[in-house]
Amino acid sequence: MINTTGKVLKDLLKAADEGGYAIPMFNYTDLWDQMAVLEAARELHAPVMFASIPKTVNEIGIDILGAIGKIRMNENDFPIIHHLDHSNSVDLCKKAVDAGYPSVMIDASRETLEKNIKMTKAVVEYAHLYDVCVEAEIGKIKGRDYEASFDGGDFLVQVDDAVKLVEETGVDTLAVGIGTAHGFYQGKPEINFKRLAEVNEALDIPLVLHGGTGIPEEDVRKAIKNGINKVNIGTQIRYTYMSNVSRIVQEKGAVTHTIDIMQEARPYIKQVALDWIRICMADGKA
């Protein structure tokens, strides 16, 4: 059993910053893709995060996912971190803290800066009582996906706003809008590395890249070089999961046992996680 708290995550992110790599974070939908991700982490001895979004939480239950998360974190001899991703509810973040999540994200990026600060501060004040790490977001992550939806043009993070949010809330990590998007990209992503570098220069906390799916490897590594310490991957995991389950069901028939189908699909999900761990240069870093 290994200690998995917010402090552990902060130490992992600090080590990533100093070592020039990033911690990959994978969104899961259920036990099967969760297992695939954690198998990849064990194989490459990599520090990773595995995360539930509110859609998953609402379907399965925060207490159940929190209990499963604690079991998963305790069954390894190196740290992996369970995370609540993209919650736009202060109350849900508090419930995740109570359920044993060592890391939560409050996403109030669609609100005014003042409301974003107010909501983030409320989560930080509660979470820090229990040594839980808090991620916030500023700017917009473009795209239309199960995590979020934003199609406007005013997406780029403003440096002064980022500084104000961090100073007034004491948040631990910050997701920044620099041109990335949720879901699959239409064409090559246009990432504003200049703005990323400016935010990184102005802040002394780890920065997070959302919308990892579809970003070329060289751009991911350039983002890491410019201050990104955590990279989120969701759509590619879900797409790989569903496309392979669909194919296997078509090949074997619906009378096939669920476990047989999932055992055959899991290696494909695992391979996505293995690839992303290597892209983030986190292999062997646990």
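Predicted model: local features only at pLDDT ≥ 70, side-chain atom pairs only at ≥ 80, totals over all residues.
Q: Which strands make up the closed barrel, and with what pairing?

A: In general, the strands of a sheet pair through backbone hydrogen bonds, either parallel or antiparallel. Here the eight strands of the closed barrel follow the order β1-β2-β3-β4-β5-β8-β9-β10, with parallel pairing. Neighbouring strands of this sheet are turned by 30° against each other on average, direction ignored.

Q: What joins β8 to β9?

A: Two bridges do, between residues 173-176 of β8 and residues 207-209 of β9. In β9, V208 is the bridge partner of A175. Helix α7 (residues 159-169) also packs on the sheet, touching β5 and β8, and its direction makes about 155° with that of β5.

Q: Which residues touch the most other members of the largest nonpolar core?

A: The general idea is that in soluble globular proteins, nonpolar side chains tend to be buried together. Here the largest such core has 91 residues, and those touching the most other members are F26, Y101, V104, L174, V176, V231 and W276. Helix α11 gives the most to this core, with 10 residues. Beyond its neighbours within four places in sequence, L174 has contacts including A136, A162, L203 and V208.

Q: How many aromatic pairs does a search of the whole structure find?

A: Two. The ring centres of Y28 and F50 are 6.0 Å apart with planes at 35°, so this pair is tilted. Y28 sits in the loop between β1 and α2, and F50 in strand β2, 22 residues apart; Y28 and F50 are both buried. Y126 and Y130 form a tilted pair as well, 5.3 Å centre to centre with 50° between the planes. Y130 counts as partly exposed because its relative accessibility is 48%.

How values were computed: Residues numbered from 1 in each chain as written. Heavy atoms only, no water. Pairing = 2+ DSSP bridges. Helix = DSSP H or I, 4+ residues; strand = E, 2+ residues; numbered from the N terminus. Axes fitted to C-alpha atoms, helices over the stretch in contact; angles between N-to-C directions. Contact = heavy atoms within 4.5 Å. Core = buried A, V, L, I, M, F, W, Y, C linked by side-chain atoms within 4.5 Å. Buried < 20%, exposed > 50% of the residue type's maximum accessible area, 1.4 Å probe, protein only. Phe/Tyr/Trp six-rings, centres within 6.5 Å; stacked < 30°, edge-to-face > 60°.
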